[in-house]
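Thank you all for coming.

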Amino acid sequence: MSLRYLTAGETHGPQLTAIIEGLPSNLNIDFEELNFQLHRRQKGYGRGRRMQIEKDQATFVGGIRHGYTTGAPVALVVENNDWKHWQKIMNIEPIEGSDEEKRRVHRPRPGHADLNGGLKYNLKDLRNVLERSSARETTVRVACGAIARQFLAEFGIKVAGRVLRIGEIEAPYRDLPIDELIEVTEASSVRVTDAETEKKMEAYIDQIKQEGDSIGGIVECIVEGVPIGLGSHVQYDRKLDARIAQGVMSINAFKGVEIGIGFEAGTIRGSQVHDEIMHTDERGYHRATNRLGGFEGGMTNGMPVVVRGVMKPIPTLYKPLQSVDIDTKEAFSAQVERSDACAVPAASVVLEHVVAWEIAKAFLEKFGGDSMEEIRANVASYQAQLENY
Ligand SMILES: Cc1cc2nc3c(=O)[nH]c(=O)nc-3n(C[C@H](O)[C@H](O)[C@H](O)COP(=O)(O)O)c2cc1C
């Protein structure tokens with residue numbers, strides 16, 4: 001069975017829930033490390049008050065015993081602390097009260113799921129769409145990705161992320177060893193590698209916020225230690241770069257994805273794009289450069305996997321755009337729901353976990369096995385095969 005998860009829950013509901021199926025047994029789960037990843041998603045300059053209300057913690061309610069997975073589905077929940085203020089509004093049983101008391105949404109926000117969801121599901125209260133389309137759901141996606149990340153770490157695979165751009169401000173690209181990249185970006189309020197850009201980005205976000213506007217950006221994820229041969233060229237839906245692209249595009253507000261130099265590859269010559277093949281006793285087959293971001297033919301080539309994603313500006317604006325009231329069809333300003341001005345640093349954390357998940361899934365497909373011991377043996381036998389090739 002291939003690795004998969006489903007999530008449920010609303011942004012102002014009691015909790016978010018995830019069920020993961022296909023994890024092997026005997027994987028040691030570090031709960032503190034997992035909660036640290038949830039905490040990373042909540043940080044970042046430009047986040048609103050909601051992130052101060054929520055102190056996310058995952059509680060496991062199935063599939064783990066004495067710190068180790070059992071092979072059964074893993075179920076986890078993350079409570080919404082804000083729920084106490086929304087109990088009546090989000091009540092499961094019918095309630096009496098005015099639209100105002102129910103916080104009914106009837107002026108859809110451009111750029112959000114509100115109108116399409118309302119029309120498609122025939123919902124006259126667009127809160128029913130808003131509550132589920134909110135990026136609060138990425139909390140449990142990060143929790144699932146954090147487990148994938150711990151699984152990958154068992155095989156020496158490391159994941160890092162960084163912000164490359166916020167609106168008009170581009171961060172200079174510093175090629176750092178992965179451990180240093182993790183350390184440096186962790187210490188930055190906007191997940192960049194230099195203090196000057198950090199200051200510029202903070203001031204820029206303040207200005208955008210003051211103007212009642214929002215801003216997006218570009219983020220990058222790097223995964224190191226990925227073995228050669230995850231994914232496959234033989235069928236379109238087994239190409240791992242394509243699966244990663246799907247995962248990235250599924251992150252709220254992401255509008256584009258690149259692997260390696262991505263779109264730049266269409267602007268320069270083949271001799272400047274393709275990575276020359278080398279071989280040494282120490283490193284085996286490797287590439288002189290990594291412009292293709294660790295992929296050829298839908299398979300990993302052993303070089304670091306490099307994935308970039310672009311996040312559009314957040315759609316909820318304190319200075320709202322024009323919309324139409326679904327009751328009267330008259331022009332009105334869109335409704336305002338508490339919102340961030342910039343969530344690009346948080347989106348970089350989400351990207352890391354979405355990419356980690358896809359790589360862990362492909363890793364399990366390649367090396368199979370129901371227990372960590374069986375997978376380790378399969379990895380060792382493949383490594384011996386590569387060495388003898
Ligand atoms: C980490 C993160 C935080 C976000 N925070 C907000 C927010 O506070 N307000 C908002 O309107 N949209 C926010 N978004 C974006 C919306 O969830 C997203 O635009 C919406 O679900 C519509 O989906 P689409 O943009 O993918 O089409 C956030 C996205 C991410 C990745």
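What you see is a predicted model, in which local features need pLDDT of at least 70 and side-chain atom pairs count only at pLDDT 80 or more, while totals for chains, interfaces and linings use all residues. Residues are numbered from 1 along each chain as its sequence is written, and side-chain values use heavy atoms, with hydrogens and water left out.

Let me start with the ligand. Around the ligand there are 18 residues, of which Ser133, Ala253, Lys312, Thr316 and Ser339 come nearest, where being near means having a heavy atom within 4 Å. For polar contacts, meaning pairs of N or O atoms within 3.5 Å, an oxygen atom of the ligand is 2.4 Å from an N or O atom in the side chain of Thr316, and an oxygen atom of the ligand is 3.1 Å from a polar backbone atom of Asp340. On its own the ligand has 630 Å² of accessible area, and the protein covers 85% of that, by the Shrake-Rupley method with a 1.4 Å probe.

Now to the two residues. Lys43 is partly exposed, because its relative accessible area of 29% falls between the limits of under 20% for buried and over 50% for exposed, with a 1.4 Å probe and protein chains only. Leaving out residues up to four places away in sequence, Lys43 touches Glu186, Arg191 and Ala346, contact being heavy atoms within 4.5 Å.

Asn80, by comparison, counts as buried at 3% relative accessibility, and the side chain of Asn80 reaches the backbone oxygen of Thr11 at 3.3 Å.

Technical notes. A polar contact is a pair of N or O atoms within 3.5 Å; within protein, one must be able to donate a hydrogen and the other to accept it, and residues adjacent in sequence count only if both atoms are side-chain atoms.
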